[in-house]
Amino acid sequence: KANGIMGIRPPGRGARTILDDLFEDKEHIDSKVFSLCLAEWGGRMVVGGYNASYHRGALQYVPLLSGGYYHVPLTSMVLNGK
């Protein structure tokens, strides 16, 4: 059963996610931070921080909403060049 597009959500909101499991890997992950790089060529997800080589501009931090969910406002969309 999926609990989101990528199966990520804030902790304590239902069934465990892949992020919950990854954050427990203290040998490889030392921070409960993840980053998403969304690009025309696809994208990357980094757990435990971010990889500066995936970004050309400044990082944008997205806070949790008061309800405890991640939200990235959509400002525009292009589909098939339109």
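This note goes through a predicted model of one protein chain, point by point.

1. **Basis.** Local features are given only at pLDDT of at least 70 and side-chain atom pairs only at pLDDT 80 or more, while totals for chains, interfaces and linings use all residues. Residues are numbered from 1 along each chain as its sequence is written, and side-chain values use heavy atoms, without hydrogens or water.

2. **Confidence.** The mean pLDDT of the protein chain is 78, and 83% of the residues score at least 70. Here pLDDT is the predictor's confidence in each residue, from 0 to 100. Helix α1 (residues 18-23) has the highest confidence, at 85. Strand β1 (residues 34-39) has the lowest, at a mean of 79. Where pLDDT is low, predicted coordinates should not be read in detail.

3. **Layout.** The protein chain holds one helix and two strands. Along the sequence the pattern is α-β-β. Both element types are DSSP runs, numbered from the N terminus: helices are H or I of at least four residues, strands are E of at least two.

4. **Strand pairing.** β1 and β2 pair in the antiparallel sense, over six bridges. Pairing requires that DSSP finds at least two bridges between the strands. A hairpin of two residues joins β1 to β2. Within the pair, S35 stands opposite V46 in β2.

5. **Core.** The largest nonpolar core has six residues: I8, L19, F23, I29, F34 and V47. Such a core is a set of buried Ala, Val, Leu, Ile, Met, Phe, Trp, Tyr and Cys residues joined through side-chain atoms within 4.5 Å. Buried means under 20% relative accessible area, exposed over 50%, and partly exposed in between, with a 1.4 Å probe and protein chains only. L19 is in contact with I8, F34, M45 and V47, leaving aside neighbours within four places in sequence. Contact means heavy atoms within 4.5 Å. In soluble globular proteins, nonpolar side chains tend to be buried together.

6. **Salt bridges.** The count is two, taking a salt bridge as a side-chain nitrogen of Lys or Arg within 4 Å of a carboxyl oxygen of Asp or Glu. R16 takes part in a bridge with D21, with the closest N and O atoms 2.6 Å apart. R16 also bridges to E24, where the closest N and O atoms are 3.1 Å apart. R16 is partly exposed because its relative accessibility is 46%. D21, at 42%, is partly exposed too. E24 counts as exposed, at 53%.

7. **After β2.** G48 is found in the segment after β2. Its relative accessibility is 23%, so G48 counts as partly exposed. G48 touches I29, D30, S31, V33 and F34, not counting residues up to four places away in sequence. G48 and K26 lie 22 residues apart in sequence and 9.8 Å apart in space, C-alpha to C-alpha.

8. **A backbone point to check.** N80 has a positive phi of about 55°, although N80 is not a glycine. N80 is also found in the segment after β2 (42-47). N80 counts as exposed because its relative accessibility is 72%.

9. **Whole-chain totals.** Of the 82 residues in the protein chain, 20% are buried. Among contacts with a separation of 6 or more, 25% come from residues 24 or more positions apart. The protein chain exposes about 7,100 Å², and carbon and sulfur atoms supply 56% of that area. Accessible areas come from the Shrake-Rupley method with a 1.4 Å probe; for residues, only the protein chains shown count as cover.
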